[in-house]
Each structure stands twice: as C-alpha cells, then as structure tokens.
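I went through this model for its salt bridges and kept short notes. The entries follow.

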Amino acid sequence: MEQLMTEFDKANFDYSELETPLWKVWVLNGKTVVFAFDHGALDGVSGAIFLVQLAEFLNDEIVEEDVPSLVKFDSVVEPNPIIDDILPPNPNWVPPAVPATPSRLPSIFAPYAYPTSGDHWRVISIPSSSVTALLMECRKRKVALTALFHTILLTAMSRVYPTPEGFDTMIPISSRRFFPSQYPDPESIMGNYLYHFKEISPAQRSTSLNWAEVIRFDEKVKASSGDHTKSFILENLVPQIGSIREVMQSKIGKPRENDIAVSNLGAYKFPNGGAFEVQSVGFSQSNAPIMPPVKMNCVGVLGGDITVVVGCAESVTGKGKCDAITKEVKKILAEILENAALRE
C-alpha cells in the first residue's frame, strides 16, 4: 500500500480540459477502494462521506448475482457546487513566481522550499485494544487524541533532528460545525471547509513523551476554536463558498509555510450489518508547495483500529528520514502503551 500510495500521488490531476473531474477511484482486488481527490476542493471529511455513501449504495443496490454499473453511483454523491468553480478561467494561466529569498526563522527545522517532492509513505496500524488504551490515557488528562499525536510527531522530529529549537506546526481543523442553518448540511456534503491552527512548537528533548506538552498544546488548540474563530469563519470563509476560485488561485505556486502538520479525522461510523462494510480506513496528503514536508494523518473506524500515515518529502527532509521518523513514532507509541499496561 505504501508503494501504491507513492504511485498514485505521482499521477497529478490534468486541468488542461475543463471537464476533468477532481477525484479518481481505484478498486484493488475487489476489497480495497482508493479514493484520490484534489485537496483544494475536498477536505478529509469528504473522503469519509464518500465511503459511507458507497457502502450504503452497495448494500441497497446490489443483490445476489447482480453487479450494477458504477455509473449509477453518480446520482448518490452530490459534491458541493464550489468544486465546479475552482479551475482557473484562463487555460493558459500559470502559477505566480516563487519568491527567491523568503524570510524564515533560522531556529526552525527547514527553510522554505519549492517544490516539495519525493513523497514517501509509512503506514502504522494501531489495533483497537491499543486505541482504547490511548484514549484512556488522554481522558485521564482531559486532552484530545490530536494533541497526543502532535506531541508524538514533535518528539520524533526532535530525536531525528537534534539541532532545531522548534518546529513550525499546522493543525487543520474542520469548520463544518460552525456553518449556519441556511447552508447545506456540512456533515453530509463534500467540500473543503478547513481553518488552521498554527504555532512554533518547542522541540522536545526528553527521553520519553512529555505529557505536560500534550496538555499545553491541547489547551492552545481548544482556545483557538472559540467564539472568535466562529465569527472569523462566518465572516470570511462562508462568504467564499461559490466564489472560491480566487482563493485557490492565490494558493497555487505558493511556497509551503510549515514544517509539520497533524490531521486527525477521528473515528468514523460506517454502515454495518450488510454485505459491504468498511473495516479499516486510512488517508494521506501528497506533498505540494503549500504543504509541510512532514505530515501525520490519522483516521479510524469506530470501535476498530486507527491507521496512522506518516508522509515525508525527502527532497526537504533528507533521504531515509521518513523511516527514521516513523521508527521513533512507533517507539513512542510502544512506550505509552507499555507504561499504561504497567499502571494497570
């Protein structure tokens, strides 16, 4: 799967024709569905919506010895209208020039780089029993799993890169819950509804996971999701729906702004009880000019495993660093679970 993900990410979307769809689907061995989409138009929740609707459709429509055409699936998925409006109106339009010497704090991990290339992916599967233990550790401290995953990646990065004083962090957060009632149900329609929490996170030089850092980061992220964030979204993000083209054009060709990003979609509940169900799910984000060179993406099935995908652009991180970072992530996870078991 790691090799396939790398190959899929090399197959860029071709926008030379205005009819080009912004997503692709592969079915592997009749069991694995790969759904690739343009992240500028669709956020991570869109992938979950797709899988839920696909499972529901298959269970509703397929009867014994009857395999309908996937064309019938077109009427089930209703992508947000903004998807049809993000392509540049001029097919000869080219991305803006990249600044030659953008400013950058010397204490942070990597200088601005463009383009970020050399995608490498490593997949870590956390079994349901371990997921339960991690959740219990978080609940004891009243922190979210996202804060734990971020601190794990931050600690792993600090071990692999012992010199930087800190790392430029980005946490994408869904703004769907803030949308007013006059908009389509944001929990069941595809689109890109994200805002970002950003900070310079201090390097973690301790020999084990620092739970105080998990708590600090959790409090910072929660503080960023209050009423002022809701006001910002309603005043700035919501009015852009339906006229998102200018926003997306402003991002194309822009150097990436961060060192690391953690995206946790949480645990999704999929239809069960039918012949077709989702047993495990994972996702990744390919490296691009506006994406960090190191990413951790997490998602799971309710009551089941969590899949953690570590992605690295080795043109920036250095050769072999994806394996090194993933090794440290696994070690830290093992340490947390071992300590939790000892306390029991």
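Is Arg-141 buried, partly exposed or exposed? I looked up its relative accessibility in this predicted model: Arg-141 comes out at 24% and counts as partly exposed, since buried requires a value under 20%.

I then checked the partner. Glu-137 forms a salt bridge with Arg-141, and the closest N and O atoms are 3.1 Å apart. Both residues belong to helix H3 (residues 128–141) and are four residues apart, about one turn of the helix. Glu-137 is buried, its relative accessible area being 3%.

Next entry: Lys-220 and Glu-199. I found a salt bridge between their side chains at 3.0 Å, N to O. Lys-220 is in helix H5 (residues 211–223) and Glu-199 in strand S5 (residues 194–202), so this pair ties together parts that are 21 residues apart in sequence. I noted Lys-220 as partly exposed at 37% relative accessibility, and Glu-199 as buried at 9%.

I also looked for salt bridges with shared partners. Arg-159, Glu-328, Lys-331 and Glu-335 are joined by such bridges into one network.

I searched the whole structure and got 11 salt bridges. One I followed up is Arg-122 with Asp-323, where the side chains meet at 2.5 Å, N to O. Arg-122 lies in strand S3 (residues 119–126) and Asp-323 in helix H9 (residues 321–343), so the pair ties together parts that are 201 residues apart in sequence. Arg-122 has 19% relative accessibility and counts as buried, because the cut-off is under 20%. Asp-323, at 42%, counts as partly exposed.

Technical notes:
Residues are numbered from 1 along each chain as its sequence is written. This is a predicted model: local features need pLDDT of at least 70, side-chain atom pairs count only at pLDDT 80 or more; totals for chains, interfaces and linings use all residues. Side-chain values use heavy atoms; hydrogens and water are left out. A salt bridge is a side-chain nitrogen of Lys or Arg within 4 Å of a carboxyl oxygen of Asp or Glu. Helices (H or I, at least four residues) and strands (E, at least two) are DSSP runs, numbered from the N terminus. Buried means under 20% relative accessible area, exposed over 50%, partly exposed in between (1.4 Å probe, protein chains only).
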